[in-house]
Amino acid sequence: MSQLYVFDHPLIQHKLTYIRDKRTGTKEFRELVDEVATLMAYEITRDMPVREVTVETPVATAKAKLLEGKKLGLVPILRAGLGMVEGILKLIPAAKVGHIGLYRDPHTLEAIEYYCKMPSDIGERDLIVIDPMLATGGSASEAITILKQKGAKSMKLMCLIAAPEGVKRVQQDHPDVDIYVAAVDEKLDDHSYIIPGLGDAGDRLFGTK
């Protein structure tokens, strides 16, 4: 079974409070999501492999560590996932970025793919699939399925807020994919919105209705 990691770092929780607040405007919302993504990236990369090297400091020789060189890839689910990419790239600028577009059928609530563009070496990369909201779990699960079909072997899912229903769906469909979130909320409402949530992440990021 995949693991669920909830980041309780005070800075993440502080900024998440303002992200939730309906009075937070588009500019500030976008900046806060970017900042939280950076902080979450710091946590999600904690287990990246390192190798020991020798460097000459101005004083003496020192043993130090460098990243092993494992290739990383970021895959935002369009469009809301885009709001978190730059924040992650601040820490891991060498990561390649793929994009996957899904929309939810208003009647069946199932995720339908409309766009997918990935790095050619997707099978050699550790991927971080990004979507601010894990509601029903349908979009995230479908995105992960598509990536596996394209050869992806190692993935993590990164979200701001999750509903228990979404966590359960992804864990059932993809027990090999760990989930990283800033908060797990109470439930979904009748329209599959997370309660209390933060509203529509895409609309709040891009100023649309």
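How close do the axes of helix 2 and helix 3 come, and at what angle do they cross?

Mentor: A quick word on the ground rules. This is a predicted model, so local features need pLDDT of at least 70 and side-chain atom pairs count only at pLDDT 80 or more, while totals for chains, interfaces and linings use all residues. Residues are numbered from 1 along each chain as its sequence is written, and side-chain values use heavy atoms, with hydrogens and water left out.

Now your pair. The axes of helix 2 (residues 26-44) and helix 3 (residues 82-89) come within 7 Å and cross at roughly 50°. Helices here are DSSP runs of H or I with at least four residues, strands are E runs of at least two, and both are numbered from the N terminus. Axes are lines fitted to C-alpha atoms, for helices over the stretch in contact, with angles running from 0 to 180 degrees between N-to-C directions.

Who does the touching? Helix 2 brings V33, D34, A37, T38, M40 and A41, and helix 3 brings G83, M84, E86, G87 and I88 (contact means heavy atoms within 4.5 Å). Sorted by class, that contact has six nonpolar, three polar and two charged residues. For the classes, Ala, Val, Leu, Ile, Met, Phe, Trp, Tyr, Cys and Pro count as nonpolar, Asp, Glu, Lys and Arg as charged, and the others, Gly among them, as polar.

M40 turns up again in the largest nonpolar core: of its 38 residues, M40 and L74 touch the most other members. Such a core is a set of buried Ala, Val, Leu, Ile, Met, Phe, Trp, Tyr and Cys residues joined through side-chain atoms within 4.5 Å, where buried is under 20% relative accessible area with a 1.4 Å probe, protein chains only. Helix 2 gives the most to this core, with eight residues. As for L74, leaving out residues up to four places away in sequence, its contacts include V85, I88 and L89, along with I128 and I130.

Methods: Buried means under 20% relative accessible area, exposed over 50%, partly exposed in between (1.4 Å probe, protein chains only).
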